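Q: I have a model on my screen and would like to learn how to read it. Could you walk me through it, feature by feature?

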Amino acid sequence: MGIFDRVARPAILAASRSQRLRATAERLPVTRRVVDRFVAGETVPEALDVTATLRSSGRMVTIDYLGEDTTSKEDADHTVEAYLALLDGLKDTADGSKVRPLEVSLKLSALGQALPRDGEKIALENAHTICAGARDAGVWVTVDAEDHTTTDSTLSIVRDLRTEFDWLGTVLQAYLKRTRADCAEFAAAGARIRLCKGAYDEPASVAYRDPDEVTDSYLTCLRILMAGRGYPMVASHDPEIIAAVPSLAREYNRGVDDFEYQMLYNIRDGEQRRLADAGNHVRVYVPFGYEWYGYFVRRLAERPANLTFFLRALAERR
């Protein structure tokens, strides 16, 4: 394990949870160029403009309205309204292909999951409203994963929603030790699963901490998904994982419509284009909104290259 994984990453992830550092960061005149490295603006029109540009390059899109750990029902209601406005803007561009090119991603904590009274019920109702709007717009929905303490609640809500919206996807995180069993369950159920490594600072009691162990777990989980009845979404920028996909797809007789690659907005853009130009389905995760701090800091913690980009941009401002 390198010094970035041992020292820098835990420190950065701790900063993502600090309200004091968040308030300081949001006051800094950080250049728009740095924020735009990861976040596609703050408003629905800005997100739709980025979506149109990505679609014109042959890539698919999933859009996330940034926000998490909502502390009031009013804030959760505001998040629902933002998603409905987004879906209204996406409706005219949706099509009826087998693999929907447009999708929205939801964090249940932004929909009220953590509220002290009836949080899970409120989140389920709000997610149902968004799913119904997405169905009308011809758009898919995937429920994002958050830290491990929310996993049971999140997957319970996903199971409930899938009884009506069988196209609903969810995210499973390969660094959690429980994820192989979760992959087996949802693959058998025919679900769409976005498999990622994981971006939260989890304890060793529930998660693999060594990067090689995380990669091994990812590839094992991906094999389970490829062997199942569902639709694997390979959410990774790791060259080792991307290189393993074609042989796994051949082994399990999966054609181009039977899985997809996913990467984050403005990360490894050249690799995204290469995969799309080769005829693969490539979906770009596009975040937007004012609540960018937590997402932004977790992206810095994922790869040394992201942190290097940020520090270089700050230095260039001097």
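A: Gladly! Let's start with pairing: two strands pair if DSSP finds at least two bridges between them. Helices (H or I, at least four residues) and strands (E, at least two) are DSSP runs, numbered from the N terminus. Please keep in mind that this is a predicted model: local features need pLDDT of at least 70, side-chain atom pairs count only at pLDDT 80 or more, and totals for chains, interfaces and linings use all residues. Residues are numbered from 1 along each chain as its sequence is written, and side-chain values use heavy atoms, leaving out hydrogens and water.

Q: Over how many bridges do strands S7 and S8 pair?
A: Strand S7 (residues 260-264) and strand S8 (residues 282-288) are joined in parallel by four bridges. Across from Met263 you will find Val284 in S8.

Q: In what order do the eight strands close into a barrel?
A: The order is S1-S2-S3-S4-S5-S6-S7-S8, with parallel pairing. From one strand to the next, the twist averages 30°; angles run from 0 to 180 degrees between N-to-C directions, and axes are lines fitted to C-alpha atoms, for helices over the stretch in contact.

Q: Which way do the side chains of strand S3 point?
A: In a regular strand, side chains alternate between the two faces of the sheet. In strand S3 (residues 140-143), Trp140 and Thr142 point one way while Val141 and Val143 point the other way, and all are buried. Buried means under 20% relative accessible area, exposed over 50%, and partly exposed in between (1.4 Å probe, protein chains only).

Q: Which strands pair with S3?
A: Strand S2 (residues 102-106) runs parallel to S3 and is joined to it by four bridges, with Glu103 partnering Trp140. S3 also pairs in the parallel sense with strand S4 (residues 169-173), over two bridges, and there Thr142 faces Gly169.

Q: What is the hand of the crossover from S3 to S4?
A: A crossover is right-handed if, with the strands pointing away from the viewer, the path from the first strand over the helix to the second runs clockwise. The β-α-β crossover from S3 through helix H7 (residues 151-162) to S4 is right-handed. S2, helix H6 (residues 119-137) and S3 likewise make a right-handed β-α-β unit.

Q: Which residues of H6 and H7 meet?
A: Contact means heavy atoms within 4.5 Å. Glu120, Ala123, Leu124, Ala127 and His128 in H6 meet Ser153, Ser156, Ile157, Asp160 and Leu161 in H7.
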